Amino acid sequence: MSSTDTLATTRLAVLGLGNMNGAILTGMLAAGLPADNVVATTRSADSAAAKADKYGVRVISNEQDPQANRTAVAEADVVLVGVKPKDIVAALRELSDALPADAVVVSVAAGVTAKTLGSVLRAGQPLVRTMPNTPLTVGSGVVGMAPGEHVSTEQADLIEQLFSGSGLVVRVEESLLPAVVATAGSAPAYLFLFAEAIAKHAEQLGLPRADAERMAAATVKGAGLMLEQGDQTAEQLRTNVMSPGGTTAKAIESFQADGLEDIVARAMDAAAARDREMGEEFTA
Ligand SMILES: NC(=O)C1=CN([C@@H]2O[C@H](COP(=O)(O)OP(=O)(O)OC[C@H]3O[C@@H](n4cnc5c(N)ncnc54)[C@H](O)[C@@H]3O)[C@@H](O)[C@H]2O)C=CC1
Ligand SMILES: O=C(O)[C@@H]1CCC=N1
């Protein structure tokens with residue numbers, strides 16, 4: 001069976017259609033998952049109508065049908081659960097006996113462990129923990145995935161295929177998901193912060209704000225594309241910009257004198273630590 005055939009026949013339930021599941025769904029639809037194969041749920045009827053319009057899939061709300069999540073999963077092959085970490089245990093508990101036995105539950109929730117999720121699912125229910133990031137929405141995302149013990153090779157390959165049309169998929173042990181959060185899940189926000197800071201200060205240097213924002217965005221995109229080509233390391237690419245005695249050398253010296261590497265390391269450690277902490281906070 002070709003990968004297109006597999007996508008064509010996969011039935012997907014999307015529980016919670018916020019920022020992350022919206023990005024994932026956009027990526028999967030762009031990669032060839034037929035919109036007719038998808039049923040999504042939201043909390044309110046208004047948001048169901050808006051999301052149905054936005055994504056072109058069937059969306060049912062818990063407001064209209066208190067059993068919406070159970071209805072959505074009843075015929076699913078894959079159930080993508082994109083509710084907040086504090087809500088995921090309750091959401092899975094109320095639908096666990098409505099899941100087909102071979103449906104793969106895919107959690108995108110930060111922190112909440114497979115042990116916790118498995119404890120509210122029926123014994124043997126296939127479960128994959130993932131840590132995605134929002135650039136999936138533009139086909140350039142990252143997903144760390146940790147398939148659980150009841151997931152077959154075919155099911156793990158299917159989940160990887162669903163994501164890989166819109167980004168880089170890396171399989172990891174569950175114990176490495178905090179590192180994936182720090183490196184990829186949260187990391188778009190670091191780069192957005194950098195772009196924000198560049199644009200703000202460019203305005204201080206005299207550029208109109210709108211031009212500064214467009215320049216920052218194009219520069220982050222261009223640098224990302226060069227990094228992605230992979231023929232030169234980040235360090236080599238940086239060095240190429242640094243003419244001896246020139247402007248960039250002064251800027252990099254300033255970053256290094258201010259301890260940029262330590263600043264990044266501390267931020268990543270904080271993200272990974274919060275992920276582990278949420279695993280202890282949100283249990284069944
Ligand atoms: N935003 C991001 O960049 C990333 C988020 N995540 C994870 O994705 C999950 C969702 O985060 P966001 O999308 O940012 O939050 P969000 O608040 O934008 O989306 C969550 C959605 O779920 C809905 N919801 C809550 N309970 C529900 C239920 N029982 N049934 C149906 N819908 C329900 C909410 O109304 C909301 O629309 C979290 O667990 C987070 O850890 C993971 C990686 C990156
Ligand atoms: O901030 C969070 O908790 C989620 C997980 C990674 C990105 N957003």
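Val105 stands opposite Leu127 in strand S6. The pairing involved is that of S5 (residues 104-107) with S6 (residues 127-132), parallel and over three bridges. Strands pair if DSSP finds at least two bridges between them. Helices (H or I, at least four residues) and strands (E, at least two) are DSSP runs, numbered from the N terminus. The model is predicted: local features need pLDDT of at least 70, side-chain atom pairs count only at pLDDT 80 or more, and totals for chains, interfaces and linings use all residues. Residues are numbered from 1 along each chain as its sequence is written, while chains are lettered from A and ligands numbered from 1 in the order in which they are written.

The open sheet has eight strands in the order S3-S2-S1-S4-S5-S6-S7-S8, with mixed pairing. Strands S3 (58-61) and S8 (167-171) each have a single partner strand, so one side of each lacks a neighbour in the sheet. The twist averages 20° from one strand to the next. Angles run from 0 to 180 degrees between N-to-C directions, with axes fitted to C-alpha atoms, for helices over the stretch in contact.

Helix H3 (residues 45-55) packs on the sheet, touching S2 (38-42) and S3. Its direction makes about 175° with that of S3. Contact requires C-beta atoms, placed from the backbone, within 7 Å. Helix H8 (residues 177-185) lies across S6 and S7 (141-147), at about 35° to S6.

Ligand 1 has 26 residues around it; Gly16, Gly18, Met20, Ala109 and Ala110 come nearest. A residue is near if its C-beta atom, placed from the backbone, lies within 6 Å. H2 (19-30), S2, H5 (85-95) and S6 each supply at least two shell residues.

How values were computed. Contact = placed C-beta atoms within 7 Å.
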